[in-house]
Amino acid sequence: MVKVYDFKNIPVEVRENYYRSIFESLNINECSLGLLKVIIPAQTVAKKHYHKEHFEIFIFLNGEGEIKIESTDGTRQYKISKGTIMIVYPGEKHEVKALNEPLEILAIKIPFKPEDKVVEG
């Protein structure tokens, strides 16, 4: 069964200081996968957090920003823009900042555990 989504028409809800929608949840060979639409408003920083179990794959669809990742090998900051793809591993603390326009992100979480987020501070 094929499912087709128009990203711009997926409704979102407020979560902390950004917007998101879990628009699909799948089980593939006993592994859960979540698809999320995330919008971070211009000049906004999504709070630093990490996930205990799931990987996050971010596909940046629009906007420009910065992402700071804290992992066992140190802290790094990356510039992100349309077309950037990033994989964040479980336990890596991360925060995302939108610059002068909103960031639109397709986030893929594997395995998908909706309550896996641990916020810092």
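In the hairpin formed by E2 and E3, two residues lie between the strands, and Asn29 takes a positive phi near 50°. The model described here is predicted; the protein chain has an average pLDDT of 95, and 99% of the residues score at least 70.

Nine of its ten residues are buried, so E3 is largely enclosed by the rest of the structure.

The strands form an open sheet of six, in the order E1-E2-E3-E10-E5-E8, with antiparallel pairing. E1 and strand E8 (85–88) stand at the edges with a single partner strand each, so one side of each is left without a neighbour in the sheet. On average, and with direction ignored, neighbouring strands of this sheet are turned by 30° against each other. In general, the strands of a sheet pair through backbone hydrogen bonds, in either a parallel or an antiparallel sense.

E1 pairs with strand E2 (residues 18–28) in the antiparallel sense over three bridges, and the bridge partner of Glu13 is Arg20 in E2. Val14 also has its place in E1, which covers residues 13–15. With a relative accessible area of 59%, Val14 is exposed, because this value lies over the 50% cut-off. Together with Val12 and Tyr19, Val14 forms a nonpolar patch on the surface, and the three residues have about 250 Å² of accessible area together.

Confidence can also be followed element by element. Val118 is found in strand E11. Its relative accessibility is 22%, so Val118 counts as partly exposed. Val118 and Lys52 are 66 residues apart in sequence, while their C-alpha atoms are 7.6 Å apart in space.

Technical notes
Residues are numbered from 1 along each chain as its sequence is written. This is a predicted model: local features need pLDDT of at least 70, side-chain atom pairs count only at pLDDT 80 or more; totals for chains, interfaces and linings use all residues. Side-chain values use heavy atoms; hydrogens and water are left out. Patches are made of residues with over 30% relative accessible area and no salt bridge: like charges are joined within 9 Å, nonpolar side chains (Val, Leu, Ile, Met, Phe, Trp, Tyr) within 5 Å. Accessible areas come from the Shrake-Rupley method with a 1.4 Å probe; for residues, only the protein chains shown count as cover. A salt bridge is a side-chain nitrogen of Lys or Arg within 4 Å of a carboxyl oxygen of Asp or Glu. Helices (H or I, at least four residues) and strands (E, at least two) are DSSP runs, numbered from the N terminus. Buried means under 20% relative accessible area, exposed over 50%, partly exposed in between (1.4 Å probe, protein chains only). Two strands pair if DSSP finds at least two bridges between them. Axes are lines fitted to C-alpha atoms, for helices over the stretch in contact, and angles run from 0 to 180 degrees between N-to-C directions. pLDDT is the predictor's confidence in each residue, from 0 to 100.
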